[in-house]
Protein chains: 2
Amino acid sequence: MALHMSSLFLRTLREDPADAEVPSHRLLVRAGYVRRVSPGIYTWLPLGLRVLRNVERIVREEMDAIGAQELLFPALLPKEPFEATGRWTEYGDNIFRLHDRKGAEYLLGPTHEEMFTLTVKDLFSSYKDLPLSIYQIQTKYRDEARPRAGVLRGREFVMKDSYSFDVDEAGLDKSYQAHRDAYVRIFDRLGFHYVIVEAMAGAMGGSKSEEFLATAEVGEDTYVHCASCGYAANVEAVRVPTPDPVPLDGLAAAHVEDTPDTPTIETLVAHLNERFPRDDRPWAAGDTLKNVVVMLAHPDGTREPLAIGVPGDREVDEKRLGAQVEPAEVEAFTEADFTANAALVKGYIGPGALGSEGSTGIRYLLDPRVVEGTAWVTGANEPGRHVVGLVAGRDFTADGTIEAAEVRPGDACPRCDGTLEAARGIEMGHVFQLGRKYAEALDLKVLDQNGKLVTVVMGSYGVGVSRAVACVAEGNHDELGLVWPRELSPVDVHVVATGKDEEVFVKAEEIARELEAHGVSALVDDRRGVSPGVKFKDSELIGVPTIVVVGRGLADGQVEVKDRRTNERRSVAVDDVVPTVVAEVRGTASVAGVSGGTGDTGDTGATGATATDGEA
Amino acid sequence: MALHMSSLFLRTLREDPADAEVPSHRLLVRAGYVRRVSPGIYTWLPLGLRVLRNVERIVREEMDAIGAQELLFPALLPKEPFEATGRWTEYGDNIFRLHDRKGAEYLLGPTHEEMFTLTVKDLFSSYKDLPLSIYQIQTKYRDEARPRAGVLRGREFVMKDSYSFDVDEAGLDKSYQAHRDAYVRIFDRLGFHYVIVEAMAGAMGGSKSEEFLATAEVGEDTYVHCASCGYAANVEAVRVPTPDPVPLDGLAAAHVEDTPDTPTIETLVAHLNERFPRDDRPWAAGDTLKNVVVMLAHPDGTREPLAIGVPGDREVDEKRLGAQVEPAEVEAFTEADFTANAALVKGYIGPGALGSEGSTGIRYLLDPRVVEGTAWVTGANEPGRHVVGLVAGRDFTADGTIEAAEVRPGDACPRCDGTLEAARGIEMGHVFQLGRKYAEALDLKVLDQNGKLVTVVMGSYGVGVSRAVACVAEGNHDELGLVWPRELSPVDVHVVATGKDEEVFVKAEEIARELEAHGVSALVDDRRGVSPGVKFKDSELIGVPTIVVVGRGLADGQVEVKDRRTNERRSVAVDDVVPTVVAEVRGTASVAGVSGGTGDTGDTGATGATATDGEA
């Protein structure tokens, strides 16, 4: 049954909503797809729900195709399993917590690792039951500190999450690859541009972890890529190429120098070049070792100082640091903290005060570039004094390394001789070799072929389903409105009746009815007393890819078919319009069809990734 | 793609779960459809999710068919709209409440009246936009005091809720009737026996309100029906036929009598018959007026005593009373309460102490049978004393009437001369003329044809979607397991391969593949090394209506087709099995087909309400 604008629960807006920061948010609200209820919490109006269901269908089809089985966990989850894995505490303020009338504690599931793991433990017990991949498409909750951009980062949102269960790593590799392949198909069908980047593997380091990022300027993720070798990684996951160590033999001794009023790298470098000029090359920021102290706030409420040593020409990147110290949160080191650690001389902090061997004992981690044998100008832990030629591995050591320094365009590619470029994206999917973390925490074991209990190895795979709607909108719009890829569009065809002639409305209905009979869904703009201009504006805003205008030309047996993407219009004989449009929607329109033929040649059109079947 | 028992995420249980009270709960857990996470909170395993989706599909098809439009509200809702309607307080302990990281208060939506009303207010503003019916199929939350019977009464559950919006009552009547008709079609398709009963209209009294109850002994609702006229009503909604008033002229005067040690109706009647025998007939419990005092706990925390006068041969029915005083809850009147109201003499409470004119001022409501001119024996508000011949309307009055006395089988039908019978049912649907309650509270007005603002009139319509799964199971099982109606079954056909012969497994796969090619979904029991007995038991437990057994007979070109409902088995030539089964599943099997023909005659079978199309 065709939808009708005269009765559709829809109101389009000419003005942008005040809180809309990004185009997708602005247009999805203006075109009547979603409506805000509370920060990060949205209602899906009829057109929006249709798009959301289309995304779900694509995800479901591709998950089913790799043999993953769908189930559905509750969103309201008891505290206990999350305590067993430590996540009840780790999540901090990021989850919604509540208690029932009896005082039992619950949370609204942000992800369901615990439930998947426990349910497999409950049902399965043998290697013969594996491999297993199970998934759900479900409403999830996160109490984001900064919900933003409409459904792009909501507090109530729909995700597809799946988990694979295997007896060994070889099995996990297969399950991982199957999911990765399915994700490629899903994102190809969704019709936006994306990149697959290496991602943080988390605490279980060494396992594979990749993110699917939709390329978008409004994205919150920054990734780098190398044009030479194709390497791509979320900045959080970039591993800096480590230089070879320098032999310690023959390196000059370190010496402390007066460097008054040089609390910044800039003042220090100027001072060095003025007072201690070098023959071969001037001092540069990269010759200095900057020691930054932060405070880590652990989920259990404890606080711990952390010092990070990076070459002075680089800042500490908040996100990279944050990813490394998760689940702890990074806070500023306050004046009060300096007071409590009197051996730290602000602006002149050096390795001598840091690390397990240092005077403060504060944990000290170094950028991987600070390899053995490299010499640095760095703080001497006295006001107005620095030490010159302090050699790593000879004059100081640290408690380890950390990938916290900023990654910059032009940095060396960690994989080839090329250099890195930076871009922004929106995380749309994540495939991740989770390993045995949850299986161990919740004791998920199966009997192997030899009758021995082995801990199951898991993979974790997520797609942001509601986010995908925003993401597709972000990648498919123009200044007039949305432009849906066929497979996502709320309906296949928008039939607009214009003018006052009753015959026009009758014919528009007839065309819609015939389209529906061919399995092509239609939205008819059957509003009386609404000007053609308003109707065209609405159709452009709503963004159905094919628009059929039934108007004045009908008297001459002509209707207009408009391609929303190119805004090309062409006149089609009214008797040809249904077969023409059906072929176009099914992606079988030949070039002849596009230029006005009946489209019955059956050629596959060149619509590429957004070509769709007629069953949407 | 056919499902396979060897890889299906399923474990059937031979033992009943310890907490299972009713057959549907027992069987849905044992057959691996649902799994408990927490009280009243369940996971839908793959087979269960398929049944749930089938229910959703049926509901969606029938809602779409009446032009209702689907949308989706969030489950996490801000407090403010619920404060505007008073429900934030009214719901008391029955809702889950929480707050976000900034301290803003939220609830998990138990129903969405506020959201529907506000969204219509947000989008629509004219009579031209109406009528409108919108619905969602959504996860809802109620913190039930006693979650029970698995998914029959859960704390997280799926409901379809719709609301209609009209400018006037005539429009509401049409919308109501359209929904009622759709519900009849939905419940016919769901395949369980149900009755439509009159229900409480709530605070807005006078509007239409009907419930769809699945008839089931395990049901929590009691309803009465009249075999003569077809009247049926939830006991809560039964209105007692009111007798005509009796002329007061000539009625004997009341007189107080000593009735020592008669604190109960039984002892009082015995005493009356012994000390004050009547000529015409003995005293009976129905001659006495019993005054019951309870305490009402209002949602705002205040408590208020309430006295109810009922004929002494009837108890006050807790549920009927509860429905009348909603949202207040009924609590016992404690010894402390008696102490605080010294004028109430326990066991001897009479009208003189009650009502706005009585010595205590406690609100006093009478059973509708206590009409003007009726004479009663009732408490004299002194220990061991009763008053005889106290005439309603002459000697005492009350503050109103209340429908709180028990309804009993054999009671007079309120509509005809017949008598009422009682039965139990499960509330599966509710259609309700909500009126203007929410539109007034939230100021939903539209401009009418004369340009005047009028308050919109609403209807409210709900279907318990997840509950329906339990309800269908409750009405469709035998001692061996579940027996799904075709349209609800997780798959259309269960193909069981038995024995060790490889050819059997190959043929079973081939049959499943061919069935799927015909749009008939299949589950193949392809487990090796599992005995035929276990496979048969599992197939009976799982309850797919048609079971094809491929086993020893294959050597002779025969397979067995079993009807799960009748447990009839018949031998079918292996080459005929696919057309036979396809016809059976589509409900087009002729009698010839059932007795072994190919089913290609195309006759519509006599499967009635559970006949289904082949596209499930």
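## Polar contacts and salt bridges

A polar contact is a pair of N or O atoms within 3.5 Å; within protein, one atom must be able to donate a hydrogen and the other to accept it. In this predicted model, 26 residue pairs are in polar contact between chain B and chain A, counting pairs with both residues at pLDDT 80 or more. Helix α2 (residues 46–65) of chain B contributes the most to the side of chain B that touches chain A, providing seven residues. Sorted by class, that side of chain B comprises 33 nonpolar, seven polar and 16 charged residues.

Eight salt bridges are counted between chain B and chain A. One of them joins the side chains of R35(B) and D122(A), with an N to O distance of 2.4 Å.

## Extent of the interface

The contact draws 56 residues from chain B and 56 residues from chain A. Between them, the two chains bury about 4900 Å², of which 60% lies on carbon and sulfur atoms. On the side of chain B, the residues that lose the most area to chain A are F9(B), R101(B) and L123(B), which together account for 17% of what that side buries.

Key:
Residues numbered from 1 in each chain as written. Chains lettered and ligands numbered in written order. Predicted model: local features only at pLDDT ≥ 70, side-chain atom pairs only at ≥ 80, totals over all residues. Heavy atoms only, no water. Contact = heavy atoms within 4.5 Å. Buried area = accessible area lost by both parts, 1.4 Å probe. Salt bridge = Lys/Arg side-chain N within 4 Å of Asp/Glu carboxyl O. Polar contact = N/O pair within 3.5 Å; in protein donor to acceptor, adjacent residues only side chain to side chain. Helix = DSSP H or I, 4+ residues; strand = E, 2+ residues; numbered from the N terminus. Nonpolar A, V, L, I, M, F, W, Y, C, P; charged D, E, K, R; others polar.
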